[in-house]
Amino acid sequence: MTSNFGMALTAGLLYFMRHCKIGYWFYDVFGQPLFIGMIFGLGSGDLKTGLLLGGTIQLVYLGMIMPGGNIPSDPALASVIAIPIALKSGLTAEQAVVLAVPFGVLGVFIDQIRRTMNAMFIHRADTFAESGNGSGIFREGVIYPIIQGFVLRFPIVFLVTLFGSDVVNSIMDFLPEWIMHGLEVAGGLLPALGFAIVVYTIGKKSILPYFIIGYFAVVYLELNTMAAAVFGLCIAILVVSSRKPESEGA
C-alpha cells in the first residue's frame, strides 16, 4: 500500500465501508480517524506517524454528536483524505488537521445528497410492499442504496487521494513561511476545541468527580493509558451495578 494507487484504493474503500452500514456491529470503526491512521501507518511502514495523525484529527471530533442521525461533520472523509496525503507529503499533525476540517464539512453535503436520492428508493419500496414483492423491497432498500453509496463516495476519495499529494506539495512550496506557521497554530487549536467540548459535557455535576479522580490518578499515580482505561471500566461497572438494585426496587 506504499504506492499512491494502493493508498487511494484503500482510502476509497474505507470511506465506502464506513457509510455503507453493512454489519451494524463494526462499520463505525472504519470511520474513526485513529483507526484510519493505524491502517495507513501500517501500510506506509510508519505506524507511529499514522497514529499521531489519526489521534490528532480524532481530537477535533471528540465531542461530536449526531442528533437524529445528522452529522455536523464527517470525520471519516476528513481522515481518509488528510492522513494519506499527510504521510506522502510529510505534513505535520497540525497541518493535517487544517487539511482535514474542510473535507469533513464536504462530507455533510455528500450525505445530504445520499439522503435525497434515497427518497426515490423508499417510494419504490412502498410500491413493492403494496404488492407483497419481498425481493423488490430488498433491492430498493439494500442493494441499490449500497451501489449508490459506492458511486457517491469511492470515486471522489480515490481521485483526491491519488492526485492530492502533488497538489499539496505545490501549495506548500508556494506559500510563505508565515502562512504555514499560522496554519500550524490553527491546527493546534482545533483539537483543543474538540477536547473542550468533551470537558463541557464532563462538567456536569454528576460526572465531574470521575473526571477529577481520573486526572489526579494519572498525574500523581503516574498511570499509563491502559491502566487508566482498566480502572475507568471497573468504576463504570461498579456504578452501573449499584444503580440496578435501585431501579429494580423502584
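This is a predicted model: local features need pLDDT of at least 70, side-chain atom pairs count only at pLDDT 80 or more; totals for chains, interfaces and linings use all residues.
Q: How many helices and how many strands does the protein have?
A: From the N terminus on, the elements run α-α-α-α-α-α-α-α-α. The count is nine helices and zero strands.

Q: What share of the residues of the protein counts as buried?
A: Buried means under 20% relative accessible area. The protein has 250 residues. The share of them that counts as buried is 34%.

Q: What share of the contacts with a separation of 6 or more comes from residues 24 or more positions apart?
A: A contact means heavy atoms within 4.5 Å. Among contacts in the protein with a separation of 6 or more, residues 24 or more positions apart account for 74%.

Q: Is helix 2 roughly parallel or roughly antiparallel to helix 4?
A: Helix 2 covers residues 33-44 and helix 4 covers residues 75-89. Their axes lie 9 Å apart, and the packing angle is about 25 degrees. Angles under 35 degrees count as roughly parallel. Therefore helix 2 is, relative to helix 4, roughly parallel.

Q: Which residues of helix 4 make the contact with helix 2?
A: The crossing of these two helices, helix 2 and helix 4, is right-handed. Helix 2 brings Pro33, Ile36, Gly37, Phe40, Gly41 and Ser44. Helix 4 brings Pro75, Ala76, Ser79, Val80, Ile83, Pro84 and Leu87.

Q: How do the residues of the contact of helix 2 with helix 4 divide into nonpolar, polar and charged?
A: Gly counts as polar in this scheme, and Gly37 and Gly41 of helix 2 are part of the contact. The division is nine nonpolar, four polar and no charged.

Q: At what angle do helix 3 and helix 4 pack?
A: Helix 3 covers residues 47-60. It passes helix 4 in a right-handed crossing. The axes are 10 Å apart, and the angle is about 140 degrees.

Q: How many nonpolar, polar and charged residues does the contact of helix 3 with helix 4 have?
A: On the helix 3 side stand Thr49, Gly50, Leu53, Gly54 and Ile57. They meet Ser79, Ala82, Ile83, Ala86 and Leu87 in helix 4. By class, the contact has six nonpolar, four polar and no charged residues.

Q: Why does helix 3 count as oblique to helix 5?
A: Helix 5 spans residues 93-131, and its axis is 9 Å from that of helix 3. The two pack at about 50 degrees. Roughly parallel needs under 35 degrees, and roughly perpendicular needs 65 to 115. The angle therefore makes helix 3, relative to helix 5, oblique.

Q: Is leucine 14 buried or exposed?
A: Leucine 14 sits in helix 1, residues 4-20. Phe30, Phe35, Ile36, Ile39, Phe40 and Val80 touch it, not counting residues up to four places away in sequence. Its relative accessibility is 5%, so leucine 14 is buried.

Q: How far apart in space are leucine 14 and phenylalanine 154?
A: The two are 140 residues apart in sequence. In space, C-alpha to C-alpha, the distance is 8.7 Å.

Q: Is threonine 10 buried or exposed?
A: Threonine 10 is found in helix 1. Proline 84, 74 residues away in sequence, is 9.7 Å from it, C-alpha to C-alpha. At 18% relative accessibility, threonine 10 counts as buried.

Q: How many disulfides does the count give?
A: A disulfide needs a pair of cysteine sulfur atoms within 2.5 Å. Cysteine 20 is buried, at 16% relative accessible area. Cysteine 234 is partly exposed, at 40%. The count of disulfides comes to zero.

Methods:
Residues are numbered from 1 along each chain as its sequence is written. Side-chain values use heavy atoms; hydrogens and water are left out. Axes are lines fitted to C-alpha atoms, for helices over the stretch in contact, and angles run from 0 to 180 degrees between N-to-C directions. Helices (H or I, at least four residues) and strands (E, at least two) are DSSP runs, numbered from the N terminus. Angles under 35 degrees count as roughly parallel, over 145 as roughly antiparallel, 65 to 115 as roughly perpendicular and the rest as oblique. A crossing is left-handed if the near helix is turned anticlockwise from the far one by less than a right angle, and right-handed if clockwise. Buried means under 20% relative accessible area, exposed over 50%, partly exposed in between (1.4 Å probe, protein chains only).
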